[in-house]
Amino acid sequence: MKNRIGETYYNKRNEKYTIIEQESSMIVTIKFDDESILENVFYNNVKKGEIKNPYFKTVYGVGFIGVGRHLSSVKGTTTKAYTTWVNMLRRCYYEKTQNIFPTYKGVITCEEWHNFQNFAEWYEENYAEAFFIDKDIICKDCRIYSPETCCFVPNEINMLFVKSNSTRGKYLIGVHKIKNRYVSQLNKNGEVIFLGSFITEVEAFQVYKTAKELWIKEVADKWQGKITEECYQAMYKYEVEITD
């Protein structure tokens, strides 16, 4: 068996790798310049430059596929886990997205989830059909996507916690002013519910706060058993604050 150890090649991305171990004439272990190691690869593929570094950060400068069973696509169709992962990283690390949605500025993804394999494992264990990933329920105003802060919820719950500073106006959340009165109202699934008009802005906010927290509990009860217990409990404890 010819000794292949020490042979160096470049792949089509011009990444350099070196054979460091040899199982047989056809099976070798290679090491990239970034110290990443791949075991049990075919020598012919190594020689042709067809080996990709699974730890190369191809997604917004932070995300990489990693080594494992989770695939980015199956039979030419992008997997839901991969699409969710890329969209999450786009919110955190793509400047154009943050310019459109400024609330994502400063939001990050935990290092564990920079590796697609880790995220996909969590996704597989927690995903429910037509649910969306949310980071602001378990951990209010959270600035990080992580296994500890995220859960999957239906769109009805997801929309409960969406904030838009650009459309809210200059008054406290749930409040706007008409002449010399402060009006409190709640938007429930597109239906605007009038809660009353008040002399002070704080009074109007307090009524909105009570109504919104009650509604969050009602929606939590509706989805109990379909969302995680942790998410359900977080919704029951959720408090609307005057600084929201």
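Two strands count as paired if DSSP finds at least two bridges between them. Helices (H or I, at least four residues) and strands (E, at least two) are DSSP runs, numbered from the N terminus. The model is predicted: local features need pLDDT of at least 70, side-chain atom pairs count only at pLDDT 80 or more, and totals for chains, interfaces and linings use all residues. Residues are numbered from 1 along each chain as its sequence is written, and side-chain values use heavy atoms, with hydrogens and water left out.

**View 1. The open sheet of strands S1 to S4.** Ile 19 stands opposite Ile 30 in S3. Strand S2 (residues 16–22) and strand S3 (residues 27–32) are joined by 5 bridges and pair in the antiparallel sense. They belong to an open sheet of 4 strands in the order S1-S2-S3-S4, with antiparallel pairing. Strand S1 (8–10) and strand S4 (37–42) are the edge strands, and each pairs on one side only. From one strand to the next, the twist averages 40 degrees. For angles, axes are lines fitted to C-alpha atoms, for helices over the stretch in contact, and the values run from 0 to 180 degrees between N-to-C directions.

**View 2. The salt bridge between Glu 15 and Arg 13.** A salt bridge is a side-chain nitrogen of Lys or Arg within 4 Å of a carboxyl oxygen of Asp or Glu. By this rule there are 11 salt bridges. In the pair shown here, the closest N and O atoms of Glu 15 and Arg 13 are 3.3 Å apart. Buried means under 20% relative accessible area, exposed over 50%, and partly exposed in between (1.4 Å probe, protein chains only). Glu 15 counts as buried because its relative accessibility is 11%, whereas Arg 13, at 36%, is partly exposed.

**View 3. Helix H2 against helix H4.** Helix H2 (residues 80–93) packs with helix H4 (residues 116–126) at an angle of about 115 degrees, and their axes are 10 Å apart. Contact means heavy atoms within 4.5 Å. On the H2 side, Lys 80, Ala 81, Tyr 82, Thr 84, Trp 85 and Met 88 take part, meeting Phe 116, Phe 119, Ala 120 and Tyr 123 in H4.

View 4. Arg 69 is exposed, at 53% relative accessible area, and Glu 124 is partly exposed, at 46%. Arg 69, Glu 121 and Glu 124 are linked in a network of salt bridges.

View 5. Strand S12 (residues 181–188) is joined to S13 by 7 bridges, and Lys 188 stands opposite Glu 191 in S13.
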